[in-house]
Amino acid sequence: MSLASVTLEVADLEAARRFYSAFGVDTYVRLRASEAYSSGFRGFTLALTVSGAATVDGFMGAAVEAGATVLKPAARSLWGYSGVVRAPDGTIWKIATSEKKHTGPATREIDDVVLLIGVEDVKATKEFYVGRGLTVAKSFGGKYAEFAPGQSGSVKLALYKRRALAKDLGVPVDGGGAHRVVLGSTAGAFADLDGFAWEAAASPAPTLS
């Protein structure tokens, strides 16, 4: 089994299409109209890994210009340089690089996209997914786990403790209702230990143009 697609459930489908096209990530996510109730932290983020600080700034700027709200301005940290925005549909995106200096030109290239879900028990959820057929690529005890991607250029799946993830994103940990994200599986439909829904994946994610 592998993560074959990521579908975001949004209230305004056309507005979301415009935003994700302008943001530059439209080939990585599917969109689906939904009126499901959701409040507070939805328990996940989508993270872009890029080559340099100027590229982080470029994606942050594109997101804000398209209507996103800045949760954490781009800044240097122990691990590099990153910023966090919330899309108009409520999805939180983190843009990061391991480079701390603005040494190169900005590009629109994305090295990796990671769907990072916040869970109560990383070890238990990791075992759950291994039992479903996922392969662990990285694991740091009960703090973090990352699974091998299904194919080149696809979104990676990773686990982080929910409270730690909320803190990293700069939002309160409390939240309720729907997660507003559905994961596409090559092995049928199910729900994980924290209520994240998987469905049988169809064809590869289309562009939104």
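Ring pairs join Phe-19, Tyr-20, Phe-23, Phe-59 and Trp-93 into a cluster. The model is predicted. Across the whole structure, a search finds 12 aromatic pairs. The secondary structure comes to four helices and 15 strands. With a radius of gyration of 16 Å, close to the 17 Å that the globule rule gives for 209 residues, the protein is as compact as a globular protein of that length.

**Aromatic cluster**

- Phe-19 and Phe-23 form a tilted pair, with 5.5 Å between ring centres and 40 degrees between the planes.
- Helix α1 covers residues 13-23, and Phe-19 and Phe-23 are four residues apart in it, so about one helical turn separates them.
- Both Phe-19 and Phe-23 are buried.
- Phe-59, another member of the cluster, has Arg-108 over its face, at 4.3 Å from the ring centre.

**Phe-190 and Trp-198**

- Phe-190 and Trp-198 form a stacked aromatic pair.
- Phe-190 is buried, at 10% relative accessible area.
- Trp-198 also counts as buried, with 3% relative accessibility.
- Arg-132 lies over the face of Phe-190, at 4.2 Å from the ring centre.

**Strand pairing around β11**

- Strand β11 spans residues 156-161 and pairs with strand β8, residues 112-119. The sense is parallel, and six bridges are involved.
- In this parallel pairing, Gly-118 stands opposite Tyr-160 of β11.
- Strand β10, residues 144-147, runs antiparallel to β11. Three bridges join β10 and β11.
- Ala-145 stands opposite Leu-159 of β11.
- β11 therefore has a parallel partner in β8 and an antiparallel partner in β10, given that at least two bridges make a pair.
- In a regular strand, side chains alternate between the two faces of the sheet.

- Arg-180 lies in the loop between β12 (175-177) and β13 (181-185).
- Phi of Arg-180 is near 65 degrees, a positive value in a residue other than glycine.
- Most residues other than glycine have a negative phi.
- Arg-180 counts as buried, at 9% relative accessibility.
- Glu-9 is placed in strand β1, residues 3-10.
- Glu-9 counts as buried as well, at 14% relative accessibility. Its value is under the 20% cut-off, which is why the residue is classed this way.
- Leaving out residues up to four places away in sequence, Glu-9 touches Arg-32, Ser-34, Arg-180 and Val-182.

**Overall dimensions and packing**

- The C-alpha atoms fill a box of roughly 45 × 40 × 35 Å, taken along the principal axes.
- Of the 209 residues, 45% are buried.
- Among contacts with a separation of 6 or more, 64% come from residues 24 or more positions apart.
- The protein exposes about 9,900 Å². Carbon and sulfur atoms supply 52% of that area.

Terms used:
Residues numbered from 1 in each chain as written. Predicted model: local features only at pLDDT ≥ 70, side-chain atom pairs only at ≥ 80, totals over all residues. Heavy atoms only, no water. Helix = DSSP H or I, 4+ residues; strand = E, 2+ residues; numbered from the N terminus. Phe/Tyr/Trp six-rings, centres within 6.5 Å; stacked < 30°, edge-to-face > 60°. Buried < 20%, exposed > 50% of the residue type's maximum accessible area, 1.4 Å probe, protein only. Lys NZ or Arg CZ within 6 Å of the ring centre and 35° of its normal. Rg over C-alpha atoms; globule rule 2.2 N^0.38 Å. Contact = heavy atoms within 4.5 Å. Areas by Shrake-Rupley, 256 points an atom, 1.4 Å probe, with all protein chains shown as cover.
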